[in-house]
Amino acid sequence: MLTKSEKKTLRIYEKYANGGEVDSTGLWADAFSMGVFRGFPAGGRLIDIGCGSGRAVPLLRDLMIEDEGYLGIDPSPAQVRLAKELHPLHKFEVGNIYDVGKKYPAHFDGFWCSCVLMHIPRHKLPKALRSLRTCLKEGAVGLISTPRGVGNVLNTDEMLLTLLEFDELTQFFTDAGFSSRLHSPYGDMILGEIQAV
């Protein structure tokens, strides 16, 4: 069951997609992301949690991830429709982080989770991360990005954002069965190399 703030966030992203807005956040395969996926197995499967309009798809080749191993999920049907239009050779489905463990137990070799944790209420992060861990094979690797800070804030779209600092985020991952290496090269964002243990 989604909280009130999660439903509001979903409505905002539905509105963006219905208006044809594509996430303009610049993504590129930098040294950090390439390092996270350096040992990704040939023929491996990657789940993109909160894929939006498929913004991570252009990175797959640079990260040496085969197109057919990719699955993008997003809770917004409109975002998934837009992703399918923009990237017809890739697989997308409506879904959320809370359900991937039940639907895909021990299925994926890696994950991409960019700017998703910030939309999960703090009290639901343990459930979300346990579900994510359940859908991954042992040793699976992933990349996360989330705003750095303390408490909750409203952004310009009036979405409630969960802000985390290193210690708290590390503990959430440890408790869910991950090891994590976090850093903040841009000051206000945390990037993390995460591994299922």
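Student: Among contacts between residues at least 6 apart in sequence, what share joins residues at least 24 apart?

Tutor: A word on the basis first: this is a predicted model, residues are numbered from 1 along each chain as its sequence is written, and side-chain values use heavy atoms, without hydrogens and water. Local features need pLDDT of at least 70 and side-chain atom pairs count only at pLDDT 80 or more, while totals for chains, interfaces and linings use all residues. With contact meaning heavy atoms within 4.5 Å, the share joining residues at least 24 apart, among contacts between residues at least 6 apart, is 69%.

Student: In what order do the seven strands of the open sheet stand, and which two are at the edges?

Tutor: Strands pair if DSSP finds at least two bridges between them. The pairing in this sheet is mixed, and the order is β3-β2-β1-β4-β5-β9-β8. Two strands have a single partner each, so one side of each is left without a neighbour in the sheet: β3 (91-94) and β8 (178-183).

Student: Which strands does helix α5 (residues 125-134) lie across, and which does α6 (residues 166-176) touch?

Tutor: Axes here are lines fitted to C-alpha atoms, for helices over the stretch in contact, with angles from 0 to 180 degrees between N-to-C directions. Helix α5 runs at about 140° to β5 (136-147) and lies across β1, β4, β5, β8 and β9 (189-196). Helix α6 packs on the sheet with its direction at about 160° to that of β8, touching β5, β8 and β9.

Student: How many of the 12 residues of β5 are buried?

Tutor: Buried means under 20% relative accessible area, exposed over 50%, and partly exposed in between (1.4 Å probe, protein chains only). Across the protein, 54% of the 197 residues count as buried. Strand β5 is largely enclosed by the rest of the structure, because its buried residues number nine.

Student: Which elements do the buried residues of α3 (77-86) pack against?

Tutor: The buried residues of α3 are Ala78, Gln79, Val80, Leu82 and Ala83. Helix α3 is part of what covers the buried residues of α1, a set made up of Glu6, Thr9, Ile12, Glu14, Tyr16 and Ala17. The buried residues of α3 pack against α1, β2 (70-74) and β3.

Student: Is His90 buried or exposed, and which residues does His90 touch?

Tutor: His90 lies in the loop between α3 and β3. At 14% relative accessibility, His90 counts as buried. Leaving aside residues up to four places away in sequence, His90 touches Val57, Leu60, Asp67 and Tyr70.

Conventions
Helix = DSSP H or I, 4+ residues; strand = E, 2+ residues; numbered from the N terminus.
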